[in-house]
Amino acid sequence: MAQETKVENVLTILSGCIIHLMNGCFYLWGSISTYITSYFQLRDNPGLKTSLAGSLFLFAAISQAVGMPFSVGFAKKVTIRYAYLIGGILFIANVIICSFLENFWVFFAIYGIGFSLTAGLMYISPIFVACKIYPQHKGLLTGLVVACFGVSSAIIQLFVLAIVNPDDVKPTRLVNGDKLYDAEIADRLPKAFRVMAIYFAGLTLISFFMFRRKGLEKEDASAHNSLLLDDDNMEVKVQSESIRKYLLQSKFWYIFTMNSLSSAYCLWNASKYKDFGFKHNYDDAFLTILGSIGLVFNGFSRLAFGRLADYIKV
């Protein structure tokens, strides 16, 4: 019986990891921004520039952050298992709709903001589940879950490259100072989104049927309802502390500033690296592989620092 419960726990945690393999496609924007600019510049947005398309990634990051505070509450309303299912369906619907759009601003509203809001809504629940099942290993399990978020685009962007630019053609069409692709390559972008929808559908079904700890959100979590490390003189409990009290703590602003400054630079690089590479005449395949390597380091560093958090009390 104990062994059976252990297997259920592991499968339930892995179910959340699979959700983050979809969430993390948030990072795909930098890899496909030149395809996006090329595609929509040939349609309703002839003045579109890669600098604008890449810079709007910041709003996608903000949208994700807006969705995060509602993640656990949403999961408790509909049950965690069905929250994963609903999130997966939203991801699938998002990329299918985007594959038919002709206007960049509508595309950005649906994919850049809508997809990111869904990613935020799905972000915290898998961490909450993992920490609730094994509260003694919060750091390691948080690192494992968010590592999947970090590496997910490393996988999917290689598939997108194989669909959109299998011959590794360099962008040669000069428009408004940008190097863009011609219609032969740009017009393959919708197909990539439809293949992505099939990939998301597979992940959604696997996650849904892998989730075993039903009713987890209703269990008494009085001993485990914190996702933060406890301070020496203060027990931080998510359900009992007000937002105002958090905002008055110096520790909150220290973490907020540190995370904002480090994330802003990383997100800027993630959104602009291909644009920079094309201007210096690098190949699409080389830049895509380089981006995937960076995302692998992104993922495994999350796992390493998560594990470190189990041993170091800040």
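A: **Helix packing and the core**

H12 (residues 250-279) and H13 (residues 284-309) pack at an angle of about 145°, with their axes 10 Å apart. Helices here are DSSP runs of H or I with at least four residues, strands are runs of E with at least two, and both are numbered from the N terminus. Axes are lines fitted to C-alpha atoms, for helices over the stretch in contact, and angles run from 0 to 180 degrees between N-to-C directions.

This is a predicted model, in which local features need pLDDT of at least 70 and side-chain atom pairs count only at pLDDT 80 or more, while totals for chains, interfaces and linings use all residues. Residues are numbered from 1 along each chain as its sequence is written, and side-chain values use heavy atoms, with hydrogens and water left out.

H12 and H13 cross in a right-handed way. A crossing is right-handed if the near helix is turned clockwise from the far one by less than a right angle, and left-handed if anticlockwise. H12 brings Tyr273, Lys274, Gly277 and Phe278 to the contact, and H13 brings Asp284, Leu287, Thr288 and Gly291. Contact means heavy atoms within 4.5 Å. By class, this contact holds 3 nonpolar, 3 polar and 2 charged residues. Ala, Val, Leu, Ile, Met, Phe, Trp, Tyr, Cys and Pro count as nonpolar; Asp, Glu, Lys and Arg as charged; the others, Gly among them, as polar.

Now take H4 (residues 57-67) and H7. Their axes come within 6 Å and cross at roughly 35°. H4 passes H7 in a right-handed crossing. On the H4 side the contact uses Phe59, Ala60, Ser63, Gln64, Val66 and Gly67. On the H7 side it uses Phe108, Gly112, Ile113, Ser116, Leu117, Ala119, Gly120, Leu121 and Tyr123. The contact of H4 with H7 has 9 nonpolar, 6 polar and no charged residues.

Which residues of H4 are buried? They are Phe57, Ala60, Ala61, Ser63, Gln64 and Gly67. They cover an arc of only 160° around the axis, so they sit on the same side of H4. The arc is that of the directions from the helix axis to the C-beta atoms. Buried means under 20% relative accessible area, exposed over 50%, and partly exposed in between, with a 1.4 Å probe and protein chains only. The cover over the buried residues of H4 includes H2 (29-41), H3 (50-55), H5 (71-78), H7, H8 (138-164) and H12.

H7 leads on to the core. The largest nonpolar core has 76 residues, and Phe104, Phe107, Tyr111, Val160 and Phe200 touch the most other members. H7 (residues 104-133) gives the largest share of this core, 15 residues. A nonpolar core is a set of buried Ala, Val, Leu, Ile, Met, Phe, Trp, Tyr and Cys residues joined through side-chain atoms within 4.5 Å. In soluble globular proteins, nonpolar side chains tend to be buried together.

Phe107 is buried, with a relative accessible area of 0%. Phe107 and Phe40 are 67 residues apart along the chain, and their C-alpha atoms are separated by 9.3 Å.

Tyr111 is also in H7. Its relative accessible area is 3%, so Tyr111 is buried. From Tyr111 to Ile97, 14 residues away along the chain, the C-alpha separation is 8.9 Å.

Arg81 belongs to H6 (residues 80-98). It touches Phe208, Phe209, Phe211 and Lys214, again without residues up to four places away in sequence.

Finally, the wider setting. The protein chain has 13 helices and 2 strands. Of its 314 residues, 47% count as buried. Among contacts with a separation of 6 or more, 82% join residues 24 or more positions apart.
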